[in-house]
Amino acid sequence: MSSLAAKQPLLTEGPIAKTLLMFALPILGSTVLQSLNGSVNAMWIGHYLGEAALTAVSNANLILFLLLGAVFGLSMACTILIGQSLGARNMLEAKRVVGTGVTFFVSVSILVAIAGYFGTPWMLNALNTPADAQAFAVPYLRIIFIAVPSMYFYAFLMMTLRGAGDSRTPFVFMALSVLMDIVLNPLLIFGVGPFPRMGIAGSATSTLIAQSVALVALLVTLYRRKHFLRLTRNELGYLKPDMEILRSLVFKGLPMGLQMIVISSSAMIMIHMVNNYGSKTTAAYGAATQLWTYVQMPAMAIGAAVSSMAAQNVGAKLWDRVSRITKVGVLYNFLLSGMLIALIYLFNHAALGLFLPNDGEALSLAQHLNSIAVWSFMFFGVTFVLFGVVRSTGAVVPPLVILFISMWLFRPPFALALAPRLGADSIWWSFPLGSLASMLMAMGYYKWGGWRRARMLATPIEKAGLEKAADEAAVAGQQAPTTGQGVPASAE
């Protein structure tokens with residue numbers, strides 16, 4: 001076994017079911033912690049600052065999801081490139097991806113933070129955010145934009161570590177961030193002790209502090225541990241962007257980011273419709289979506305785990321394992337998502353009561369819409385898992401097209417067409433329709449599509465990179481790569 005294999009967790013070895021589960025659980029834990037953090041914040045805001053403040057956070061979080069969706073695709077491209085390179089035992093290519101990614105993500109995050117801070121009122125107006133909620137949403141969202149550089153860079157590091165086969169370290173530091181956010185939230189909202197009373201801005205400020213501290217702690221830990229992907233002083237030249245890798249990050253990452261943007265922009269259309277029914281309906285929708293976030297967590301975690309695991313196996317050209325990873329991932333989705341959906345139906349009233357007053361009209365509305373829509377997220381979970389597999393080769397455009405069709409061409413038109421007859425129920429029923437459509441199309445593409453022939457980097461670059469990496473590896477005393485840039489040479 002090479003020295004590289006001794007330093008990194010390999011996802012190309014061992015029993016698939018156990019390896020995937022052990023890799024997915026920390027990802028699921030990270031997702032749970034993120035959602036728990038948002039839910040705790042929503043409980044403080046909803047119960048003590050009122051429904052208008054909760055509506056403000058619901059609208060602002062859609063914008064935040066849009067921003068994180070964009071960076072998701074780019075960081076996922078890093079995950080796949082690193083996973084393929086390490087699966088092919090090409091350490092130098094992995095470090096080039098890290099260096100290019102650091103420069104790119106820092107630059108983009110600063111630009112997004114500046115543009116978002118000054119464009120906050122315009123974005124809220126575009127969402128048709130109720131006037132009483134805008135007074136809360138503007139200060140909240142502007143502080144969130146200040147936190148964007150920390151959020152983006154942490155997301156990049158998290159996805160890089162997952163591509164390297166490590167999902168535990170991101171979980172540990174996510175736990176640190178969430179714990180700090182939960183503790184600081186009420187202190188800064190209400191001004192406890194020496195802390196200033198900041199209202200809803202305090203909730204955003206606690207997020208800013210927690211994200212920044214966790215990011216710094218993670219960086220310090222990686223260097224103290226001498227992580228094999230860290231950039232040493234002699235490797236700072238990798239920070240100069242490699243144009244071929246940058247091109248792959250952008251042209252492969254953007255379609256994956258657009259997948260999340262299609263989902264979030266479709267949700268923005270839906271909340272625009274929901275807002276037309278008043279603050280109580282919007283508050284009900286906001287409370288229900290808190291639970292929906294939990295329902296989607298297993299599928300998103302398994303999809304991310306499947307993508308990282310499949311990428312390393314694609315780099316190692318272990319196609320039989322890729323197929324088995326898919327089957328195990330879909331099975332885990334049905335088991336885990338099905339359990340959560342059953343729990344929500346059993347405790348629907350109690351769960352929603354965490355976010356809304358027990359005697360409120362909004363609570364009844366939330367129970368009703370939950371009963372209509374929540375079961376369908378099991379279908380959408382299958383889509384997430386299948387997309388996680390196909391994007392591990394670099395096939396990123398067909399999943400984007402599938403999501404666009406289901407989220408834009410099925411869901412909003414259906415809701416608009418039946419609104420005169422069903423009212424708000426037309427919105428709730430559009431969710432099962434969109435989920436079913438996306439699952440059927442994803443299954444069709446996985447079975448008959450050409451995703452196995454996709455690749456992350458172009459063939460001429462692969463050959464040039466192989467020669468360059470072999471020379472550099474010889475100088476550095478490392479094992480030369482065995483399969484170029486770590487991408488499959490064929491679909492067979």
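Residues are called buried under 20% relative accessible area, exposed over 50% and partly exposed in between, with a 1.4 Å probe and protein chains only. The views below show a predicted model, in which local features need pLDDT of at least 70, side-chain atom pairs count only at pLDDT 80 or more, and totals for chains, interfaces and linings use all residues. Residues are numbered from 1 along each chain as its sequence is written, and side-chain values use heavy atoms, with hydrogens and water left out.

**View A. Lys226 in the loop between helices H7 and H8**. Lys226 is exposed, because its relative accessible area is 61%. The residue lies in the loop that joins helix H7 (200-224) to H8; helices (H or I, at least four residues) and strands (E, at least two) are DSSP runs, numbered from the N terminus. The phi angle of Lys226 is near 55 degrees, a positive value in a residue other than glycine. Most residues other than glycine have a negative phi.

**View B. Lys317 and Leu318 in the loop between H9 and H10**. Lys317 lies in this loop and has a phi near 60 degrees, again a positive value in a residue other than glycine. With 37% relative accessibility, Lys317 counts as partly exposed. Leu318 lies in the loop between helix H9 (279-315) and helix H10 (319-346), and its 32% relative accessibility makes it partly exposed. The C-alpha atom of Leu318 is separated by 7.8 Å from that of Thr12, although the two residues are 306 residues apart along the chain.

**View C. The packing of helix H4 with H5 and H8**. Helix H4 (residues 91-126) packs with helix H5 (residues 131-163) at an angle of about 170 degrees, and their axes are 9 Å apart. Axes are lines fitted to C-alpha atoms, for helices over the stretch in contact, and angles run from 0 to 180 degrees between N-to-C directions. H4 and H5 are therefore roughly antiparallel to each other, where angles under 35 degrees count as roughly parallel, over 145 as roughly antiparallel, 65 to 115 as roughly perpendicular and the rest as oblique. The crossing of H4 and H5 is right-handed; a crossing is right-handed if the near helix is turned clockwise from the far one by less than a right angle, and left-handed if anticlockwise. By class, the contact of H4 with H5 has 22 nonpolar, 7 polar and 1 charged residues. H4 and H8 pack at an angle of about 30 degrees with their axes 12 Å apart, and are therefore roughly parallel to each other. H4 passes H8 in a right-handed crossing as well.

**View D. Ala147 in helix H5**. Ala147 is buried, with a relative accessible area of 0%.

View E. The structure holds 3 cavities of 30 Å³ or more, a cavity being a set of points on a 1 Å grid over the protein atoms alone where a 1.4 Å probe fits but cannot get out, with lining residues having an atom within 4 Å of a point. The second largest cavity has a volume of about 70 Å³. H13 (377-390) and H8 (243-275) each supply at least two lining residues, and H13 gives the most, with 4 residues.

Definitions and conventions
1 Å grid on protein atoms, 1.4 Å probe; cavity = no way out; pocket = protein on both sides within 12 Å on 5 of 7 lines; lining within 4 Å. Points joined across faces, edges and corners; volume = space filled by probe spheres on them. Nonpolar A, V, L, I, M, F, W, Y, C, P; charged D, E, K, R; others polar.
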